[in-house]
Amino acid sequence: MQFFENGKKVRYNPYNMRRDKKLGSGLEVDVYQVGDEVVKFIKRYPGKKILLDKNSIEKMRVIGTKRILLPTTVLLDKKHEFRGYKMDYVENIGIDSYISLNKEDLVKENSLFKEDLTKLSDEKVLIEDLSHENTSYHNGIYLIDPGSCKIDNDLDSNQVFGINLELVNHYLIYSVLRNYVLNKYQEVDSYRFSREVNKEYNNSGKNDVLEFFDDIKEENLSEFVENRIKH
């Protein structure tokens, strides 16, 4: 099937691509890996409204984020109608590759997130939702679902930055804890546990994720979780 990406003709057949290339399928998109890229085909009749459109992707693809991954290419069909987009592929090698980073590297990782948030706020890109299912761990955390972003011109850049920062701070704590508890403490309700720790940090005023990582480096993550499970 013929598509156009950045004005050039390419060929993909989303109905006949090998199963081992398929990364997933949802109500809105089918997702495939092609080399070091991910190709997302939007279904003809998606289960809910797609937040991204051709114009949004054209704006997002030049922003140049490093950890909050955005589309790199728009895919159009032969009628030049919007059919999907491409992104960089990041292999998920597991949460241990992230939580084992030393303090200095954790600080660098969080700085990269804040740089991404600044770039997004400058372009009024608002993160609508984050999910641990759409996260890759590869010596860092990569957020890989731009379908939950939108451009909101009704907000100024400071408002967008604040909303995104709060969401990402809470998400990083939640994601690390939930994935860790799911793998190590299967008898514990990981969702409830993560929610309670997030509440603890909110109530104490520790709203920056760097303070969370300071704490888990003090105790180590296993002690941090076990101490709270006992209580």
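Reader: Which residues touch the most other members in the largest nonpolar core?
Author: This is a predicted model. In its largest nonpolar core, which has 51 residues, the ones touching the most other members are Tyr98, Val176, Leu177, Phe212, Leu221, Phe224 and Val225.

Reader: Which helix gives the most to this core?
Author: Helix α4, residues 157–184, gives the most, with eight residues.

Reader: Take Val176. What is it in contact with, leaving aside neighbours within four places in sequence?
Author: Val176 is in contact with Ile95, Tyr98, Ile99, Tyr137, Ile141, Phe212, Phe213 and Leu221.

Reader: Give me the overall picture. How many helices and strands?
Author: The protein chain has seven helices and eleven strands. Of its 231 residues, 44% count as buried.

Reader: And the contacts, what share join residues at least 24 apart?
Author: That share is 64%, taken among contacts between residues at least 6 apart in sequence.

Reader: On to α3. How many residues, and what is its reach?
Author: Helix α3 covers residues 103–122, which is 20 residues. From first C-alpha to last it reaches 29 Å, close to the 28 Å expected at 1.5 Å a residue.

Reader: Which residues of α3 are buried?
Author: The buried residues of α3 are Leu106, Glu109, Asn110, Leu112, Phe113, Asp116, Leu117, Leu120 and Ser121.

Reader: What follows α3?
Author: Lys124 follows α3, and its phi is positive, near 65°. Gln159 lies in helix α4, and its relative accessibility of 40% makes it partly exposed.

Reader: Which other residues have positive phi? Start with His80.
Author: His80 is not a glycine, yet its phi is positive, about 60°. His80 sits in the loop between β6 and β7, the latter being residues 82–88. With 48% relative accessibility, His80 counts as partly exposed.

Reader: What about Asn139, what is its phi and where is it found?
Author: Phi of Asn139 is near 55°, a positive value in a residue other than glycine. Asn139 is in the loop between β9 (135–137) and β10 (141–143). Asn139 is partly exposed too, at a relative accessible area of 42%.

Reader: Why point these out?
Author: Most residues other than glycine have a negative phi.

Reader: Now the arginines. Is Arg67 buried or exposed?
Author: Arg67 counts as buried, because its relative accessibility is 11% and the cut-off for buried is under 20%.

Reader: Where is Arg67, and what does it contact?
Author: Arg67 lies in the loop between α1 (54–60) and β6 (73–76). Leaving aside neighbours within four places in sequence, Arg67 is in contact with Glu109, Leu112, Phe113, Asp116, Ile141, Tyr142 and Leu143. Glu109, Leu112, Phe113 and Asp116 are among the buried residues of α3.

Reader: Where does Arg61 lie?
Author: Arg61 is in the loop between α1 and β6. At 30% relative accessibility, Arg61 is partly exposed.

Reader: Last topic, the second largest pocket. What is its volume, and which residues lie nearest its centre?
Author: The volume is about 190 Å³. The second largest pocket is lined by ten residues, and Arg192, Phe193, Glu196, Arg228 and Ile229 lie nearest its centre.

Reader: Which elements give two or more residues to that lining?
Author: Those are α5 (190–204) and α7 (221–230). The largest share, five residues, comes from α5.

Reader: How does the lining divide by class?
Author: The lining has four nonpolar, one polar and five charged residues.

Conventions: Residues are numbered from 1 along each chain as its sequence is written. This is a predicted model: local features need pLDDT of at least 70, side-chain atom pairs count only at pLDDT 80 or more; totals for chains, interfaces and linings use all residues. Side-chain values use heavy atoms; hydrogens and water are left out. Helices (H or I, at least four residues) and strands (E, at least two) are DSSP runs, numbered from the N terminus. The expected span of a helix is 1.5 Å times one less than its number of residues. Buried means under 20% relative accessible area, exposed over 50%, partly exposed in between (1.4 Å probe, protein chains only). On a 1 Å grid over the protein atoms alone, a cavity is a set of points where a 1.4 Å probe fits but cannot get out, and a pocket is an open set with protein on both sides within 12 Å along at least five of seven lines; lining residues have an atom within 4 Å of a point. Grid points are joined across faces, edges and corners, and a volume is the space filled by probe spheres set on the points. Ala, Val, Leu, Ile, Met, Phe, Trp, Tyr, Cys and Pro count as nonpolar, Asp, Glu, Lys and Arg as charged, and the others, Gly among them, as polar. Contact means heavy atoms within 4.5 Å. A nonpolar core is a set of buried Ala, Val, Leu, Ile, Met, Phe, Trp, Tyr and Cys residues joined through side-chain atoms within 4.5 Å.
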